Amino acid sequence: MFKRSVLPVLTVLGVIMALWYAACIPMNSAWTIQQLERSGETMTVSEHIADTWAQERPRLPAPHQVAAELWDTTVMKKITSKKSLIYHGWITLSATLLGFGIGTTLGVLLAVGIVHSRAMDMSVMPWAIVSQTIPIIAIAPMIIVVLYSIGVQGMLPKAIISAYLSFFPVVVGMVKGLRSPDAMQLDLLRTYSANKSQSFWKLRLPASVPYLFASLKIGVAASLVGAIVGELPTGAVRGLGARLLAGSYYGQTIQIWSALFAAAILAAGLVALIGLLERVTLRRMGERP
Amino acid sequence: MVSNLIISAQNLDLTFQTNDGPVHALKDVSLEIGKGEFVSFIGPSGCGKTTFLRCIAGLEQPTGGQISVNGMTPDEARKARAYGYVFQAAGLYPWRTIGGNIKLPLEVMGFSKAEQAERVARVMDLVDLSGFQKKFPWQLSGGMQQRASIARALAFDADILLMDEPFGALDEIVRDHLNEQLLALWARTEKTIGFVTHSIPEAVYLSTKIVVMSPRPGRITDVIDSPLPRERPLDIRDSKEFIEIAHRVRDGLRAGHQDDV
Ligand SMILES: Nc1ncnc2c1ncn2[C@@H]1O[C@H](COP(=O)(O)OP(=O)(O)O)[C@@H](O)[C@H]1O
Ligand SMILES: [Mg+2]
């Protein structure tokens, strides 16, 4: 079991690494050549290749450079330091979690409304869909500017952008989940003269739980994207988005890549956490192991 | 006249309006069912068996005629907890244990916690499922699941049990066994049972009254009062009376089909 899942993963990882190192050579060669021309020195081919993997500001940093930067900015720095990725990661994570909470709550409430009211079904769903067709990059600065003008800044605007992205998968999943009981199951409750709220708590809601978890996994990743995007337009100085932005201002490609990886690791961790919660919950709800 | 009238339908009509035009599901259906009877409805699919049962349960509104259950309208009867309904699929909630599933109607109807527990234990014993209370549905066979769904319908002490092809999806050996158990349960509880099937032996074996129906429009073509005794071992199916009734049912079904062609 272990071997079967680990071996393919390691193989894929190895291939990606090889391709990555290979790609660094043409990407960074120009700089090496330029330096050589300036100094008039010469290099062997292997020295040349080694140089493309060891530049300070490469166009494409090599994997070990990104890894070293990640190590240096997490383990080697105090977490209160402005140079610590854990510090910046926490700034982004806290906005992500707040936004995810708001988005999920909103999404569930909208779904409940949509399932119970025909008027809401007709009116809310189209707007929810429209809201997602507008590029978040266009909306984010407006949200931040508007909120800033009424004195709201810091974590909340980012969380709202986060919520804006994460409520949608929750609405869609929950509407489907709340509608998943078939006619027979609804008829059964009718034979007990059950009212709407009993049908909701005893049938619709439990039936929607698997759908909810599927949505939450998408929603939490979207929340993280929202929080990072929310850090870009303000020129924020804290958060993973700020690290991305600062890195690109100063041509610190290694910093950009390590911030990207930190974001990816964070997203993977959040999704895995929800996956774990899903397994525990569904097992408790009698899911077949 | 039937003594102790429980269910009475007079000239019942039901037409469904569908996109392909009206479907005449029930036409001029009149039937009386007395207390403690075991009535089977048999006929080809689409002849309105389910629709008629749903009319009794108040799940479907007839477009003509009268129907009364315990002297009330089906809606009132349902609110008075007159019947338990068993569907073809057991339809147990996968997230509830067997005990939890049987408790469902009791929770909805607002029984006290203590009474819920007491009733669940009692009906689980009645369908021979004691000891499976904490199991989840997927841990039970199809036959056991259907027994659990019968227990669920019995839990709130309705006098009438309406069953729509409850054993239709089960294999014959399990079905024989459940039929025997159902008869024992009927004898012990003195319920009035309405039972939809399309198996002739099942209908004859179980019923005190067999209602033969035919399609397009759905109507009753024959009502047979069974001369078989209430006490019925499985081998009664080899007796002369049994075979005679089975013949009459088959003839009724065939006649229904002929004027359809
Ligand atoms: N809700 C409905 N809407 C439209 N047509 C229906 C509906 N329910 C049943 N019918 C039609 O009514 C007829 C009788 O159906 P049903 O009572 O389910 O038959 P049976 O249970 O004997 O197989 C069928 O032609 C069926 O297609
Ligand atoms: Mg049917």
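**How chains A and B meet**

Student: In this predicted model, which residue forms a salt bridge with D187(A)?

Tutor: A salt bridge here needs a side-chain nitrogen of Lys or Arg within 4 Å of a carboxyl oxygen of Asp or Glu. Here the closest N and O atoms are 2.8 Å apart, and the partner of D187(A) is R54(B).

Student: And how many salt bridges turn up across the interface of chain A and chain B?

Tutor: Polar contacts are there too: seven residue pairs, both at pLDDT 80 or more. As for salt bridges across the interface of chain A and chain B, the rule finds two.

Student: Which element gives the most to the side of chain A that touches chain B?

Tutor: Let's start with the elements that give two or more residues to that side: α8 (183-191) and α9 (196-231) of chain A. With seven residues, the top giver is α8(A).

Student: How much area do chain A and chain B bury between them?

Tutor: On the contact count, 21 residues of chain A meet 23 residues of chain B. Carbon and sulfur atoms carry 65% of the buried area, and the total is about 2,100 Å².

Methods:
Residues numbered from 1 in each chain as written. Chains lettered and ligands numbered in written order. Predicted model: local features only at pLDDT ≥ 70, side-chain atom pairs only at ≥ 80, totals over all residues. Heavy atoms only, no water. Contact = heavy atoms within 4.5 Å. Buried area = accessible area lost by both parts, 1.4 Å probe. Polar contact = N/O pair within 3.5 Å; in protein donor to acceptor, adjacent residues only side chain to side chain. Helix = DSSP H or I, 4+ residues; strand = E, 2+ residues; numbered from the N terminus.
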